Amino acid sequence: MLTNRSIKVVKKEMSLLEKAYLPAIFSGMLITLKHIFMRKATIKYPEQVRPIAPVYRGQHVLKRDEAGAERCTACGLCAVACPAEAITMTAAERQKGEENLYREEKYASKYEINMLRCIFCGLCEEACPKEAIFLTDRIVPSTFQRKEFVYGKDKLVEPIDHRVDVTKRQTPAVLEFKHDKHHKHNRTFLDKANQQNSHH
Amino acid sequence: MDPILFKAILVLTVFIVTLLVALYATFGERKIAAVMQDRVGPNRAGPFGLLQPLADGIKMFMKQELIPSVSNKWLFIIGPCIAMLTALMTGVVIPWGGNLELFGQTFSLQIADLNVGILYLFGVVSLGVYGIMIGGWASNNKFSLLGAIRASSQMISYEIAMGLAIIALVMSTGTLSLKEIVMQQDAGIANVVYQPLGFLIFLICAFAETNRAPFDLPECETELIGGYHTEYSSLKLGFFLFAEYINMFISSAVIVSFYFGGYNFPFQHELGLDGNALTLLQTGFFFAKIFFFVFFFMWVRWTIPRFRYDQLMHLGWKVLLPLALINIFGTGIVMWWMGKI
């Protein structure tokens, strides 16, 4: 009544042809017959793969630097940035003789991403000041157990002899954008603190 | 060759072929349902998914067998057995082809040419409801019992209209033997031309008799969980489901034999083929026709929604029964007018 869109239902007697149902059934069967020959929308997955965007956000990788040392310093900015709270880590101090393993004095002894919580938004990648975490075009495979979806360093850190290519997501333009402090979201709390100090 | 040996081989062949067709009918059902809904359907097991029925069968075998402790154990076991037995028994009177000549002897491709073939067929088909009834009753489950009650009342209601439709056919053909009925259609004019209304009634009743959609009220997943087979598991459930597909195959064969010339096909005598070659070709055509009707059963299932129970009874008693009676009278009047009585 309010919207003036109500339709009055007319309960008229069905005609003899309608009562016989057969014409209606026949036209219905023609529709289903037509659908037999229609193109199917299904993509037969393992054989056929749907094309994905070059900057697809899939399974994460923890990058190493050119020498093969882990870039992550366990600063925790990714975990803070993560809206799904999927990332957790434990920091540790680098010991003598581990310089070839870890790039800086602090590193992540444990780094876990829960792939069931992750929404693959890429904010961790954006937050990372060390170019350590990236999303890749790899798809997280399914498994039978929930706990198997919590990926540790064994699955996240790229193997030295099997580097993961992230050049698609780490273009010079992206790098420049990340370091451009004119954008508010690129300023860390340190920048903000500096700014406030300079004002004083 | 000993005629009895030939009969034994024929029985075994018909048995195996029936099972095979029913097996692949389950695959066909899923595939047809899929393509009608713009899906692809089973395609993982073997090439094009052709091994899917085998996988389904193995799954059924491996499932745990449950017999409810409150059920009547023997009746519970007998139920699916009767359903399967009666489904397989009907294939006996169907003429699967003409005569085959082997080693200078002539063999008929019909297991038993009963002169009361139609009566036998009806007798066995009406026994089929006992399997469902006993199974549903023995389950000691409300849903099963409701399904069984629905099945029995539905089958009784539609059997009457079906029988009356056949009476008109018997009037025009003058015989109760299936072989005779098929041979009369040898000239090229199928019985459906003389009995269009009878065919329509018979077809609708066949849907109801085989418990297929739109008359699948005994199973009726949305209301009764699984109907009469709610409590069944493993191979016994498989028997019930399989019996439905065998019934579908056999009723297609019966429809073809009664109304669509059986194993005859147009211009069969103009081809100049002799004996065995023609017989085999006829059998091929017979199966082609049967497969069309099996497809038709599935086609209807995936098109039309289920009837409500009162609508089902209304259709059976108030529409099909009077129509069948009118058909009988009409047939009688036309035959009298043409001077055949």
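1. Before we go on, a word on what you are looking at. This is a predicted model, in which local features need pLDDT of at least 70 and side-chain atom pairs count only at pLDDT 80 or more, while totals for chains, interfaces and linings use all residues. Residues are numbered from 1 along each chain as its sequence is written, and chains are lettered from A and ligands numbered from 1 in the order in which they are written.

2. Now to the cores themselves. The largest nonpolar core holds 78 residues, and B:Ala161, B:Ala165, B:Phe202, B:Cys205, B:Ile246, B:Phe249 and B:Ile255 have the most contacts inside it. Its greatest contributor is helix H10 (residues 234-259) of chain B, which gives 15 residues. A second, separate core has 22 residues, including A:Leu62, A:Ala86, A:Tyr107 and A:Ala108. Helices (H or I, at least four residues) and strands (E, at least two) are DSSP runs, numbered from the N terminus.

3. Take B:Ala165 as an example from the largest core. Which residues does B:Ala165 touch, leaving aside its neighbours within four places in sequence? They are B:Gly198, B:Ile201, B:Phe202, B:Cys205, B:Ala324 and B:Asn327. Here two residues are in contact if their C-beta atoms, placed from the backbone, lie within 7 Å.

4. Helix H1 of chain B deserves a slow look. H1(B) has 34 residues and reaches 46 Å from its first C-alpha to its last, close to the 50 Å expected at 1.5 Å a residue; that expected span is 1.5 Å times one less than the number of residues. Its buried residues include B:Val21, B:Ala22, B:Ala25 and B:Ile32, and also B:Glu29 and B:Lys31. Among the elements covering the buried residues are helix H2 (22-36) of chain A and H10 and H11 of chain B.

5. Most residues other than glycine have a negative phi. B:Asp38, which follows H1(B), has a positive phi near 60°. B:Asp38 counts as partly exposed because it has 13 C-beta neighbours inside 10 Å. B:Phe48 also lies in the loop between H1 and H2 of chain B, and its phi is positive, near 55°.

6. Where do the two chains meet? In total, 10 residues of chain B are in contact with 10 residues of chain A. On the chain B side, helix H1 (3-36) and helix H11 (275-301) are the elements that give two or more residues. That side divides into 7 nonpolar, 1 polar and 2 charged residues. In this count Ala, Val, Leu, Ile, Met, Phe, Trp, Tyr, Cys and Pro are nonpolar, Asp, Glu, Lys and Arg are charged, and the others, Gly among them, are polar.

7. Chain A has 7 helices and 5 strands. Its radius of gyration is 28 Å, whereas a compact globule of 200 residues would have one near 16 Å; the radius is taken over C-alpha atoms, and the globule rule is 2.2 Å times the number of residues to the power 0.38. The C-alpha trace spans about 95 × 50 × 35 Å along its principal axes. Of the 200 residues of chain A, 14% count as buried.

8. Chain A also contains an open sheet of 3 strands, in the order S2-S3-S5, with antiparallel pairing. Its edge strands are S2 (87-93) and S5 (150-151), each pairing on one side only. Strands S3 (residues 106-114) and S5 of chain A pair over 2 bridges; two strands pair if DSSP finds at least two bridges between them. In this pairing A:Asn114 stands opposite A:Val150.

9. Strand S1 (residues 99-102) and strand S2 (residues 105-108) of chain B pair in the antiparallel sense over 4 bridges. B:Asn99 has B:Ser108 as its bridge partner in S2(B). The hairpin has 2 residues between the strands, and B:Phe103 takes a positive phi near 50° there.

Conventions:
A nonpolar core is a set of buried Ala, Val, Leu, Ile, Met, Phe, Trp, Tyr and Cys residues joined through C-beta atoms within 7 Å. A residue is buried if 20 or more other C-beta atoms lie within 10 Å of its own, exposed if 12 or fewer, and partly exposed in between; C-beta atoms are placed from the backbone.
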